[in-house]
Amino acid sequence: SAPLSSPFRFMLIRKHRPDAVLQLQDPRDPGLKKRDELEDMLEERRRSSDARHALRCYAPAVYKGLVSRRELVQEEAAHLLDEMAHRLRLGTVRFFAYVLSKVFKTLFRSVRVNEEGVQRLQQAIQDHPVVLLPSHRSYMDFLMMSYILYTYDLALPVIAAGMDFMSMKVVGEMLRMSGAFFIRRSFGGDKLYWAVFSEYVKTMLRTGYAPIEFFLEGTRSRTGKSLTPKTGLLNIVMEPFFKGEVFDIHLVPVSISYDRILEESLYARELLGVPKPKETTSGLLKARQILREDYGVMHVYFGHPVSVRSLAQGRVKRSQYNLVPRHIPQRPCLAAQALVGEAAFRLVRLQEQAMVLRPWTLVATLLLQNPDGMDLPVLEEQAAWLRRLALSFGAFLDWPDCKPCREVVGAGLALHKNLARVSGGRVRLAVAETPGVGQTAEELAFDRAVGVLSCASYRNQILHVFIRPALLSVALRTANSSRKDEVYTCFNFLWTVFSNEFILCPGASVQDFEEACYLLGKCCAVQESQQDIVMSEGGHATLAFLRALLDPFLQGYQVVCQYLCKETEENLRENKFVPAARNFALQLILAGTLKCYEALSSDLQKNALAALVQLEAVTKVKVGDQVTLKVNRRAASSLEDMLGTF
């Protein structure tokens, strides 16, 4: 048949394939381009070696603007590793050993170490990977740890240090060359940083390169009390055991205590809102004046190694980690998370129990409970009584047996003459009574608070010995009856409120109650039957002393509740809470309605806020980058009233 004319052909195609109409060209169009020729790509393969073809040089052309994502990640990871990694050099260690020998001999009368603990550590290092976990009260802690290990010819530790030190000119690099590796205070959700850091730490642990050292508390304690442990790093160092990469890991708690803390006045000012000085080399050089001071005796006690294998026995099923390649990061299972949390609290408790306490801690405790002062003979008598009580509760007290109480108390007063003074046979805290020339009432209150908080930092060192009996003493006074269940209800409430203030292991309130009953019964302060617990005839002094120990904390928490109930701002920003609460407490002190200067402490205020959040009296709401506090005023007011009954 005759071919269709172009118009009819186009109409027919539009009817059946309307989308194709615009793609067609008339084959008689002279402008039609010539099509490419087709080639058989297998022809060459039939004439040459297939192996040579497979192994030929392969260099494809790529987009000229292409940058490999993998190369970028590798470059960034290398930069992070260079930023954090230590570069241990024996020459630098020897230099520090020389300088620190001079410094320590000037600062301290002696540094006392339990050599049996050093021998246990030496054996542990030979047998398994070791993690050193010192308490943290001073910048001296990590310097002394490395100095001791070097002196006893043990493997030098690699130490997790804050980035603040890295910015110190010369000194930061010298710390790096003496074993410090640097860690950011917050990772801010940076997954690459977390991956590089955790793998760096685990690699050092798996290879047994050196003991790893870090502080469970995360930062220095400004108050003398142990801080709630942070579990991030502990989780990292325990993971190689969970994954079966090492047979066992030994965690070694180390307790470090001081007759006198180098930063005592600095800490008190920080608690009162004075910004922490930035770590700089020039600041370090200016601090040379401390070399003129006497800081007494320093104690370092190496505890028994704690086996991770023993801790995990029957608690964590490690077989589940075999389901995923070991190099792939995994979120710890719930059992592992619970084990790490429990281990952290247990280790801090072990630190506390091995903390060597000096007589001054007892003297400071008595002076704080008697702000108007004490006659020196009465102070000596009370110190001897308190010594017996502390020893009966299991305190590790370094009290010279060969010296009379008068000399021991006098030596403590002489060493801490900046905190207490003796005048006319009477001892009192060295705080100003009246304003100086040109000094305002606020400035006078600040100076008094510095003295009180400095003294409280020494009292706080012994609180772990007394805290459980103290909670029971307060509960005994408040309970509706002497029945154990009634007393326990009050005890458990206080235990919950102060669980952020003191090291109280989660879920151990019943165990702590039983321990408190035993200790008070042991010193004949209470009499216990199967159903009841009552104060004994001779227990009044002991229970009164223990209740007075908790009084500053009860008052401080009440002040925080009062402030939140009276705060008019509906959505209070969290970062404004501490300054506002401190100012509220200061106004109460200036008005004469509050005598407790410890209520000005930012540490106490933060712990009180954490308790209120836990008790659902305050809710934290995050809006963008800001966290606001929503206060349940009825609950806060109720808590204030309940604390007032104690």
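Good morning. I begin with an open sheet of three strands, in the order 14-16-15, with antiparallel pairing. Strand 14, residues 572-573, and strand 15, residues 618-623, stand at the edges with a single partner strand each, so one side of each has no neighbour in the sheet. Please bear in mind that this is a predicted model. Strand 14 and strand 16, the latter covering residues 626-631, run antiparallel and are joined by two bridges. In this pairing, R573 stands opposite T628 of strand 16.

I turn now to the cysteines. How many disulfides does the structure hold? It holds zero. C402 is exposed, at 72% relative accessible area. For C505, the closest cysteine sulfur belongs to C517, 18 Å away, which is again too far for a bond. C505 is partly exposed, with a relative accessible area of 22%.

Finally, the chain as a whole. Its secondary structure comes to 26 helices and 16 strands. The radius of gyration is 34 Å, well over the 26 Å that the globule rule gives for 646 residues; the chain is therefore more spread out than a compact globule. The C-alpha trace spans about 135 × 65 × 60 Å along its principal axes. Of the 646 residues, 47% count as buried. The chain exposes about 33,900 Å², of which carbon and sulfur atoms supply 54%. Among contacts between residues at least 6 apart in sequence, 74% join residues at least 24 apart.

Thank you.

How values were computed: Residues numbered from 1 in each chain as written. Predicted model: local features only at pLDDT ≥ 70, side-chain atom pairs only at ≥ 80, totals over all residues. Heavy atoms only, no water. Pairing = 2+ DSSP bridges. Helix = DSSP H or I, 4+ residues; strand = E, 2+ residues; numbered from the N terminus. Disulfide = S-S within 2.5 Å. Buried < 20%, exposed > 50% of the residue type's maximum accessible area, 1.4 Å probe, protein only. Rg over C-alpha atoms; globule rule 2.2 N^0.38 Å. Contact = heavy atoms within 4.5 Å. Areas by Shrake-Rupley, 256 points an atom, 1.4 Å probe, with all protein chains shown as cover.
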